[in-house]
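Please look over the sequence and the model shown here. A short report follows.

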Amino acid sequence: MSEALQKLSGNKLRNVLASFTSNRFKAALTGVLVTTVIQSSSATTVMVVSFVNAGILNLTNAIGVIMGSNIGTTATAWIITLFGIKYDISAFSIPLIGLGFILMMFKERKSVNIGEFLIGFGILFLGLLYLKDSFSSLNLAENPDFIQFMKGFVTNGSIHYGTILLCVLIGTLLTIVLQSSSAMMAVTIVLCSQGAIPFEMALALVLGENIGTTFTANIAATIGNIQAKKSARAHLIFNVIGVIWILVIFRLIVPFINELTLVLDGSSPFVEAAAIPFALSLFHSLFNIVNTGILIWFVPQIEKLSGYLVKQKEDEEEIFKLQYIDSGFVKLGELGLGSAKKEIQVFAKRVLRMYAFIPQLINLKDRKQYRLLLERVEHYESISDQMEIEIANYLTKLSSGNLTDESTLRIRGMLRAIDNLESIADQNFQLAKMIDDKNERKVWFSPKMREDLDKMFNLVNNALQIMNENLHKDYQEVEILSALDVEEKINAYRN
């Protein structure tokens, strides 16, 4: 369901996320909007990490978006509560899935995406029906062994505090395994509604889910730069701080949620199982709204704290390491194209830097420096080979999904771009080998030859700079005139 929503609105939401974040408050509202639409805080935070990595978002505003994404993700719990539990639309699940399959047979891409959404939506509520039926058949509420087991967690009418902490840990671990706080929230609602766990333990699981959902962004950030890692750590810090202060006043929060549910829903989660989904969704929303409302004033401090958790490493320019893409996040589909584009920009910068070594090889007199530079050229050529393979593999995996025609066209263009970049790197290496061969045979250029070659090197360098600038522009902004002009000058001078 989430992937279909991303396809239906991916490009627009990318633009929204990049544009509407001029301050932390607007950034938080943007996070709420984007996550509510695509129903995946993980997808939002992964986008945020890649945008920070690319320099599109600064760290302060990225933290705002992440805070907002926590509020946006609570919409899933309300959908499950209102439609899946309270009104039980599981009877419509099969017709929805059938309609989805029919729409997927249409040639129009939008119809296919709507079909995928309906299938995901239908399966969500069909899954909830099976979960509820499974726990109902166990009849745990009247099972003497289960009742005796649960009594071990209760002292003077309340759950052990150690049990609450254990449930937070369990909620965290299960969310990490499922890679979806929404899925874990659905399980928690059903478990509690069917009497498998007490209401307090369900609240603790919800807190754990908020910590567990931060791990997706932290996995994505492992291949990113320092700022990307900081934004992912900030997500973790934000949720952990929220859980800590809630745990401190947990004994006060439970009766407050009970009273509020009584006022708003007319029943108590401690008396009627039907009130539990509403109460859990209410707690989930209030926790994230209040936590964001408090901590958004402390963004600079969270930013500083995230810096302590990420150690600055030495420059890794010449170590092969993809910065923006990771095969583990190919499932992001349309949203993965931005990361691929950024990786190609890195590729172009490397090729440009490699080209700058060639004129130096002609003019270097120091034998030791000359050898080191020759080794660097060879090393860069090896890196370019690896980059082409890795980016091509990533793009091929992306293209295997259901993409829009525009995205498919862009992938083809990207594949041609990396092929050309790798060819430029090969030519750089061939030039370096020719220069080395000339030097080994003690054939020297005259001053006039050097002067003429330097002019040619400058013209080609200008062409590569234009290429690099074009790769860093939005597709709509690229024009060919400057590239054609320098190409004609190079041809004329060669002739």
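## Overall fold

Among contacts in the chain between residues at least 6 apart in sequence, what percentage join residues at least 24 apart? The figure is 78%, where a contact means heavy atoms within 4.5 Å. The chain has 21 helices and two strands. These elements are DSSP runs numbered from the N terminus: helices are H or I with at least four residues, strands are E with at least two. Of the 495 residues in the chain, 49% are buried. Buried means under 20% relative accessible area, exposed means over 50%, and partly exposed lies in between (1.4 Å probe, protein chains only).

This is a predicted model; local features need pLDDT of at least 70, side-chain atom pairs count only at pLDDT 80 or more, and totals for chains, interfaces and linings use all residues. Residues are numbered from 1 along each chain as its sequence is written, and side-chain values use heavy atoms, with hydrogens and water left out.

## Confidence

The predictor's confidence in each residue is its pLDDT, from 0 to 100. The chain averages 82. At least 70 is reached by 83% of the residues. Among the elements, helix α21 (residues 481-494) has the highest mean pLDDT, 95. Strand β1 (residues 154-155) has the lowest, 64.

Two stretches can be named here. Over residues 313-318 pLDDT stays under 50, and the model has nine contacts beyond four places in sequence for them. Over residues 327-331 pLDDT also stays under 50, with 11 such contacts.

## A polar cavity

Rolling a probe the size of a water molecule over the atoms shows where empty space is left. The structure holds two cavities of 30 Å³ or more. A cavity is a set of points, on a 1 Å grid over the protein atoms alone, where a 1.4 Å probe fits but cannot get out. Grid points are joined across faces, edges and corners, and a volume is the space filled by probe spheres set on the points.

The second largest cavity has a volume of about 40 Å³. Its lining residues, which have an atom within 4 Å of a point, are Asn70, Thr73, Ser181, Glu209, Asn210, Thr213, Asn239 and His284. By class, seven are polar, one is charged and none is nonpolar. Nonpolar covers Ala, Val, Leu, Ile, Met, Phe, Trp, Tyr, Cys and Pro; charged covers Asp, Glu, Lys and Arg; the others, Gly among them, are polar.

Ala275 sits in the loop between α14 (250-265) and α15 (276-295). Ala275 is buried because its relative accessible area is 0%. Leaving out residues up to four places away in sequence, Ala275 touches Thr261, Asp265, Ser267, Ser268 and Pro269. Thr261 is 14 residues from Ala275 along the chain, and their C-alpha atoms are 7.5 Å apart.

Ser111 belongs to helix α7 (residues 109-138). Its relative accessible area is 13%, so Ser111 is buried.

## Around the end of α19

Asn439 lies in helix α19 (residues 405-440). Asn439 counts as buried because its relative accessibility is 13%. Beyond four places in sequence, Asn439 touches Leu361, Tyr370 and Trp444.

Lys442 is in the loop between α19 and α20 (447-471). Is Lys442 buried or exposed? Its relative accessibility is 62%, so Lys442 counts as exposed. Its phi is near 55°, a positive value in a residue other than glycine.

Methods. 1 Å grid on protein atoms, 1.4 Å probe; cavity = no way out; pocket = protein on both sides within 12 Å on 5 of 7 lines; lining within 4 Å.
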